[in-house]
Amino acid sequence: MTVQVRRWLVVGVVLSAAFVLLGLSVARQPLALDVAVADALHDVYAQPLGRVAQAGSDVLGPVLPFVLGTALVALALRRREHVGLCVRLAVVLVLCRLTSLVFKPIFLRERPRDYPDLSYPSGHVTSVASTGFVLLLLCAWLWPRLVKPVAVAVVVATVLIAACRVVLGVHWVTDTIGAVLAVTGVGLLSACALRLLPPGDGRSLDG
């Protein structure tokens, strides 16, 4: 195991632990930040800004991991030399997305307003962050020149969906922060375990 991989593993453990600790700290009572933002945006979801936020949630949501998963299958079928890479990336995508589905029933956090399902971490933010994380890995392996612009797009998309969910009043701010912590932590750990970090040329991974 290289020093670089060890560092990524440490970061992954720290972020995963931070996700759990944050979840435990907000499970019973929201932080002051959560309350302040929720109060400031009270009933905004019923106003024009809320309709914009809903449109953003419809576009940037749980469908994205399925879209990327389909793209990975198509890439594997078209370029057989990258089948191993695509399978590993698909595993990371599934593990990252599962952080919301698995941990919501554990923390049992209520939403800021009446709304189906539990709150921590945000499923929408988890979906966008999971898709973005795996897309960055894919680019790092096959199209390194795209990493920087894709990274910017991923950050912007994640911030936008987090803002949309908070504006809609269906998530606390810390729900969105927790989602990013969970995805990044689990993503780094699983990527290291599957030999996706550090990135290479794809062929060395599958060979």
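This is a predicted model: local features need pLDDT of at least 70, side-chain atom pairs count only at pLDDT 80 or more; totals for chains, interfaces and linings use all residues.
Helix α6, spanning residues 123-142, packs against helix α7, spanning residues 147-167, at an angle of about 180°. The axes of the two helices lie 9 Å apart. Angles over 145 degrees count as roughly antiparallel, and α6 and α7 are therefore roughly antiparallel to each other. On the α6 side, the contact is made by H124, V125, V128, A129, G132, L135, L136, C139 and A140. The α7 side contributes V147, V150, A151, V154, A157, T158, I161, A162 and R165. By class, 14 residues of this contact are nonpolar, three are polar and one is charged.

The largest pocket holds about 450 Å³ of space. Its lining consists of 22 residues, and those nearest the centre are A129, F133, L136, V154 and T184. Helices α6, α7 and α8 (173-193) each provide at least two lining residues. The greatest contribution to this lining comes from α7, with seven residues. In the lining of the largest pocket, 19 residues are nonpolar and three are polar, while no charged residues are present. A129, L136 and V154, listed among the residues nearest the centre of this pocket, also take part in the contact between α6 and α7.

The second largest pocket has a volume of about 240 Å³. It is lined by 16 residues, of which A38, H42, P112, R113 and G169 are the closest to its centre. Two or more lining residues come from each of α2 (32-40) and α7. The largest share, four residues, is supplied by α2. The lining of the second largest pocket comprises nine nonpolar, three polar and four charged residues.

Technical notes. Residues are numbered from 1 along each chain as its sequence is written. Side-chain values use heavy atoms; hydrogens and water are left out. Axes are lines fitted to C-alpha atoms, for helices over the stretch in contact, and angles run from 0 to 180 degrees between N-to-C directions. Angles under 35 degrees count as roughly parallel, over 145 as roughly antiparallel, 65 to 115 as roughly perpendicular and the rest as oblique. Contact means heavy atoms within 4.5 Å. Ala, Val, Leu, Ile, Met, Phe, Trp, Tyr, Cys and Pro count as nonpolar, Asp, Glu, Lys and Arg as charged, and the others, Gly among them, as polar. On a 1 Å grid over the protein atoms alone, a cavity is a set of points where a 1.4 Å probe fits but cannot get out, and a pocket is an open set with protein on both sides within 12 Å along at least five of seven lines; lining residues have an atom within 4 Å of a point. Grid points are joined across faces, edges and corners, and a volume is the space filled by probe spheres set on the points.
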